[in-house]
Amino acid sequence: MPTGQAEVVETEGGAEPGAEPPAQEEPPLAPPQFILYLEGPAYAKALRQLTLWTHHLLLPVYGREISSGAPWCSRWWEHAEAVAQLHGLWLAWADLTGPGSPMTGPANWHRDYLSPVMMSLRDPQGPFAGCKPGMHRAKETPPIDVLDPFGPPPPAPPQPRRTPNR
């Protein structure tokens, strides 16, 4: 606020009339974490933010019609793959369309992120393959023979205790 008087700023060598005060450095904001690394309340908060973006921007603008060739699940948040892909899409959206982003950011987002993610999610063999309008079906996880095939071998089962014959 101008007062009509020259502001005096303290420096190492003393006060300098009319000098600008040193800028207060704000700590940098931590970038958002990828949603699959979050748990508990942090996951719930990120999922809610993703849901608001998905329901208020993504689907109304880019949702397209549902068909057997382009399925969509109305309970998409119950598909971990969809959550992961949509979260990545949302992070790219924020980076490429937010303040300070390049003017070509939105075009790059459409070309490099939106189209591949939506094609992957809506593929007939994608995460919503078993879902129909108004019907959610959880994806069956492919079977795994050994959970950690390259880890240390599991301990041998305990041997039954033998009692000597009398």
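α1 and α3 pack at an angle of about 95 degrees, and their axes sit 13 Å apart. Angles of 65 to 115 degrees count as roughly perpendicular, so that is the label for α1 and α3. Keep in mind that this is a predicted model.

**Where α1 meets α3**
- On the α1 side, the contact is made by Trp-53, Leu-58 and Tyr-62.
- The α3 side brings in Trp-109, His-110, Leu-114 and Met-118.
- Sort the residues of this α1 and α3 contact by type and you get six nonpolar, one polar and no charged.

**Helix α2**
- Helix α2 covers residues 80-97, which makes 18 residues.
- How far apart are the end C-alpha atoms of α2? They are 25 Å apart, which agrees with the 26 Å that the helix should span at 1.5 Å a residue.
- The buried residues of α2 include Ala-82, Val-83, Ala-84, Leu-86, Leu-89, Trp-90, Ala-92 and Leu-96.
- Gln-85 and His-87 are also among the buried residues of α2.
- And what covers the buried residues of α2? The cover includes α1 (40-62) and α3 (105-121), the pair that packs at about 95 degrees.

**The loop between α1 and α2: His-79**
- His-79 is found in the loop between α1 and α2.
- Is His-79 buried or exposed? Its relative accessible area is 5% and buried means under 20%, so His-79 is buried.
- The His-79 side chain reaches the backbone oxygen of Pro-127 at 3.2 Å.
- Not counting residues up to four places away in sequence, His-79 touches Cys-73, Pro-127, Phe-128, Cys-131, His-136 and Arg-137.

- Arg-64 lies in the loop between α1 and α2, and has a positive phi of about 55 degrees even though it is not a glycine.
- With a relative accessible area of 78%, where exposed means over 50%, Arg-64 is exposed.
- Ala-70 is another residue in the loop between α1 and α2.
- The C-alpha atoms of Ala-70 and Gln-125 are separated by 9.5 Å, with the two residues 55 residues apart along the chain.
- Setting aside neighbours within four places in sequence, Ala-70 is in contact with Glu-65 and Arg-122.

Notes. Residues are numbered from 1 along each chain as its sequence is written. This is a predicted model: local features need pLDDT of at least 70, side-chain atom pairs count only at pLDDT 80 or more; totals for chains, interfaces and linings use all residues. Side-chain values use heavy atoms; hydrogens and water are left out. Helices (H or I, at least four residues) and strands (E, at least two) are DSSP runs, numbered from the N terminus. The expected span of a helix is 1.5 Å times one less than its number of residues. Buried means under 20% relative accessible area, exposed over 50%, partly exposed in between (1.4 Å probe, protein chains only). Contact means heavy atoms within 4.5 Å. Axes are lines fitted to C-alpha atoms, for helices over the stretch in contact, and angles run from 0 to 180 degrees between N-to-C directions. Angles under 35 degrees count as roughly parallel, over 145 as roughly antiparallel, 65 to 115 as roughly perpendicular and the rest as oblique. Ala, Val, Leu, Ile, Met, Phe, Trp, Tyr, Cys and Pro count as nonpolar, Asp, Glu, Lys and Arg as charged, and the others, Gly among them, as polar. A polar contact is a pair of N or O atoms within 3.5 Å; within protein, one must be able to donate a hydrogen and the other to accept it, and residues adjacent in sequence count only if both atoms are side-chain atoms.
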